[in-house]
Amino acid sequence: MNKRITEAFEKGKAFIPFITCGDPSLEVTEQLVYAMEEAGADLIELGIPFSDPTAEGPVIQGANVRALSGGVTTDKVFDMVFNIRKNSSIPMVFMTYANVVFSYGTERFIKKAAEIGMDGLILPDVPFEEKEEFDTVCKKYGLDLISLIAPTSHERIAQIAKEAEGFVYCVSSLGVTGTRTNITTDIGAMVKLVKAAKDIPCAVGFGISTPEQAKKMAAQSDGAIVGSAIVKLCAQYGKDCVPYVKEYVKSMKDAVKEA
């Protein structure tokens with residue numbers, strides 16, 4: 001288990017924001033990380049843009065397109081993280097797709113991510129049955145490969161949880177990322193199944209956009225993950241987005257604290 005990820009959940013309920021690296025620019029992404037940390041974020045998910053992000057809805061897809069057309073590459077993202085680590089030790093995980101890691105070279109990618117100070121990796125398109133080839137390399141370099149469970153995982157939840165590292169990402173609703181008006185999944189039941197198999201933090205993501213939702217989800221788990229609502233602010237305000245994102249993250253962290 002990565003020490004920093006464990007610590008992210010030790011201070012109470014965690015708030016975990018997601019941003020797409022390079023939208024609107026890598027300079028702004030770096031500033032966003034510092035601003036979100038100041039606003040109370042406990043762990044940050046950094047999306048490495050990919051041309052075909054299958055788990056994403058239109059908001060994050062749009063951010064991927066903007067970042068890629070702005071010339072963002074995996075190496076440039078690594079350089080940015082290297083800079084961030086000179087100023088901040090906030091827990092950070094990459095969220096990207098198997099192809100991004102493959103095309104860079106799996107071992108080369110994971111080794112480099114660990115060297116620059118990343119704590120974990122989320123690959124939403126890699127099913128549990130195929131995680132081995134990434135997992136062994138992650139273990140070798142001390143990076144946590146974060147497992148996802150969905151409402152349809154049912155009897156696989158215990159199996160996935162047993163082998164999970166860092167925290168378990170509970171997907172709150174079926175379909176792609178994006179804001180939802182209401183989340184009907186029984187998150188409490190999912191979390192119970194995980195905890196029965198392994199003592200590991202569970203954070204809920206997909207569909208959360210309001211403080212009320214974040215509070216409700218955090219009440220049934222160890223934390224809330226929010227992506228699309230933040231990425232929307234980045235799209236709306238462009239290079240001026242930092243104060244808006246900071247204010248939003250603060251309101252979400254305050255809500256999660258009340259859970």
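Mentor: Start where α9 begins: a side-chain oxygen of Asp186 comes to within 3.3 Å of the backbone nitrogen of Gly188. That is a polar contact (N or O atoms within 3.5 Å; within protein, one must be able to donate a hydrogen and the other to accept it, and residues adjacent in sequence count only if both atoms are side-chain atoms). This is a predicted model, with pLDDT of at least 70 needed for local features and 80 or more for side-chain atom pairs, while totals for chains, interfaces and linings use all residues. Numbering runs from 1 along each chain as its sequence is written, and side-chain values use heavy atoms, without hydrogens and water.

Trainee: Which residues of α9 are buried?

Mentor: Ile187, Gly188, Met190, Val191 and Val194, in a helix covering residues 187-197. Seen down the axis, they fall within an arc of 160°, so they line one face of α9. Buried means under 20% relative accessible area, exposed over 50%, and partly exposed in between (1.4 Å probe, protein chains only).

Trainee: What's on the face turned away from the buried side?

Mentor: Exposed residues Lys192 and Ala196.

Trainee: And what covers the buried residues of α9?

Mentor: The cover includes β5 (144-149), α8 (156-162), β6 (168-171), β7 (202-205) and α10 (211-219). Contact here means heavy atoms within 4.5 Å.

Trainee: New topic. How much space lies in the largest pocket?

Mentor: About 390 Å³. It has 21 lining residues, and Pro124, Val126, Pro127, Leu148 and Ile149 are the closest to its centre. On a 1 Å grid over the protein atoms alone, a pocket is an open set of points with protein on both sides within 12 Å along at least five of seven lines; a cavity is a set where a 1.4 Å probe fits but cannot get out; lining residues have an atom within 4 Å of a point.

Trainee: Which element gives the most to that lining?

Mentor: β5, with five residues.

Trainee: How many cavities of 30 Å³ or more are there?

Mentor: Two, from a search of the whole structure. β8 (223-226) and α11 (228-237) each supply at least two lining residues.

Trainee: How much space lies in the second largest cavity?

Mentor: About 70 Å³. Its lining includes Phe18, Gly47, Glu56 and Tyr97. β1 (14-20) and α3 (58-69) are the elements giving two or more residues to that lining.

Conventions:
Helices (H or I, at least four residues) and strands (E, at least two) are DSSP runs, numbered from the N terminus. The arc is that of the directions from the helix axis to the C-beta atoms. Grid points are joined across faces, edges and corners, and a volume is the space filled by probe spheres set on the points.
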